[in-house]
Amino acid sequence: MSEPLVIVGNGMAAARLVDELTKIALGRYAIAVIGDEPRLAYNRVLLSSVLAGETASHEIELRSASWWQDRGVTLKYGCLATEIDVGRRELKIANDESIAFSKLILATGSAPLRLNVPGADLAGVRTFRDSRDVDLLLTLAAQKKRVVVVGGGLLGLEAAYGLAKAGAPVTLIHLMDRLMERQLDAPAAELLKSLVERKGIKILLNANTARIYGESHVEGVELADGRRIEADAVIFAAGSTIPCKLVRRVFSRSANAPSIAASVMAWSSRPTSRRGCWRGISPAMPPATPAAWSRRT
Ligand SMILES: Cc1cc2nc3c(=O)[nH]c(=O)nc-3n(C[C@H](O)[C@H](O)[C@H](O)COP(=O)(O)OP(=O)(O)OC[C@H]3O[C@@H](n4cnc5c(N)ncnc54)[C@H](O)[C@@H]3O)c2cc1C
């Protein structure tokens, strides 16, 4: 009989994992994939092209519905996994449903970083991570809303470019004295800045976000040096972190942590050693122990 294997996260890593598993051991596992996004797995990297109007949203799908079906995979999308009951080997989903597993893989990717500043939870403050964000950004642009993008790395530049191309007045603010400071030296960053400005994007450097102001909705951003930028929306595009909640719950609630580590694995196409995040590990490696995990948090 096939062993029940559940994958949490319906992203790029999950799609690749199912591809590999079914190539080498079709039928060995009864695979279920649980993803909170309301669509089939897609190539997240191409979201920037969708935002820029260069690719249609349906074109970035990694695999068709029939591909998953042919491999006997149970797909549940639009479902948030909320809890892992390790003792009973059950995964709980937001709608109170439970799924039994023999092996559980966490392929939950990363979550966008939100700056911890006053006003960060106001309506109109968003991130750029999934296709729901792209739909919203395109709506803002169509309505000519004034948008501030926080972050002058690749993600921020791609968000600003897509928004501006779609018609939004965009200001990009960046903490450092030059764009993409990790990748570019000063002359190259200056050249990039002038090219981006030619696209109609206003760029503010040395811009440290002090707070986002507004009554119940964003009205603007105030910088630490007192500068104010009026805005209808703020997009955080300043990095990402691993969504740890599910993993943290597993280990914090368990009296029998080693057996959990043996049955729960994390798989990520983007391992991280960022402080506070669980390092993505490949199934070929021994899983992280709870002790090691708590040292990192
Ligand atoms: C706009 C953009 C451009 C990018 N460009 C590049 C690039 O050029 N090059 C590059 O190398 N990388 C790029 N990246 C990063 C790249 O997309 C990620 O590294 C990659 O998507 C990671 O794949 P993953 O499958 O591990 O996670 P993800 O693709 O993030 O998939 C994880 C899935 O799990 C879901 N999930 C999380 N928690 C739960 C839960 N509790 N229950 C159910 N589902 C859950 C998430 O909603 C998500 O759908 C880009 C990212 C973005 C957003």
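A nonpolar core is here a set of buried Ala, Val, Leu, Ile, Met, Phe, Trp, Tyr and Cys residues joined through C-beta atoms within 7 Å. The structure described below is a predicted model.

**The core**

The largest such core has 69 residues, and Val147, Val149, Ala160, Val234 and Ile235 touch the most other members. Helix H5 is the main contributor, giving seven residues. Both domains take part, since at least three core residues come from domain 1 (3-110 + 242-295) and at least three from domain 2 (113-240). In soluble globular proteins, nonpolar side chains tend to be buried together.

**The parallel sheet**

An open sheet of five strands has the order S9-S16-S10-S11-S12, with parallel pairing. At its edges are S9 (125-127) and S12 (202-204), each of which pairs on one side only. From one strand to the next the twist averages 25 degrees.

Strand S10 covers residues 147-150 and is joined to S11 by four parallel bridges. Across this pairing, Val148 stands opposite Thr171 of S11. S10 also pairs with S16 (residues 233-236), again in the parallel sense and over four bridges. There, Val147 faces Ala233 of S16. Val147 is also one of the core residues that touch the most other members.

In a regular strand the side chains alternate between the two faces of the sheet. Strand S11 (residues 170-173) has Val170 and Leu172 on one side and Thr171 and Ile173 on the other.

**The antiparallel sheet**

Another open sheet has three strands in the order S4-S5-S6, paired antiparallel. Strands S4 (81-85) and S6 (98-100) are at the edges and have a single partner strand each, so one side of each lacks a neighbour in the sheet. The twist in this sheet averages 25 degrees from one strand to the next. Strand S5 (residues 90-93) is joined to S6 by three bridges, and the two run antiparallel. Lys92 stands opposite Ser98 in S6.

| Strand pair | Sense | Bridges | Facing residues |
|---|---|---|---|
| S10 and S11 | parallel | four | Val148 and Thr171 |
| S10 and S16 | parallel | four | Val147 and Ala233 |
| S5 and S6 | antiparallel | three | Lys92 and Ser98 |

Strands of a sheet pair through backbone hydrogen bonds, either parallel or antiparallel.

**The ligand shell**

The ligand has 30 residues around it, of which Gly9, Gly11, Ala13, Arg44 and Gly109 come nearest. By type, this shell divides into 14 nonpolar, ten polar and six charged residues. Helix H1 (12-25), strand S2 (29-35), helix H2 (47-51) and helix H5 (154-165) supply at least two shell residues each. H1 has the largest share, with three residues. Domain 1 (3-110 + 242-295) and domain 2 (113-240) each contribute at least three residues to the shell.

**A loop residue**

Gln183 is placed in the loop between S11 and helix H6 (186-197). Is Gln183 buried or exposed? Gln183 counts as exposed because it has 11 C-beta neighbours inside 10 Å, and the cut-off for exposed is 12 or fewer. The C-alpha atoms of Gln183 and Gly153 are separated by 9.0 Å, although the two residues are 30 residues apart along the chain.

Terms used: Residues are numbered from 1 along each chain as its sequence is written. This is a predicted model: local features need pLDDT of at least 70, side-chain atom pairs count only at pLDDT 80 or more; totals for chains, interfaces and linings use all residues. A residue is near a molecule or strand if its C-beta atom, placed from the backbone, lies within 6 Å of it. Ala, Val, Leu, Ile, Met, Phe, Trp, Tyr, Cys and Pro count as nonpolar, Asp, Glu, Lys and Arg as charged, and the others, Gly among them, as polar. Domain bounds come from an automatic or database domain assignment. Two strands pair if DSSP finds at least two bridges between them. Axes are lines fitted to C-alpha atoms, for helices over the stretch in contact, and angles run from 0 to 180 degrees between N-to-C directions. A residue is buried if 20 or more other C-beta atoms lie within 10 Å of its own, exposed if 12 or fewer, and partly exposed in between; C-beta atoms are placed from the backbone.
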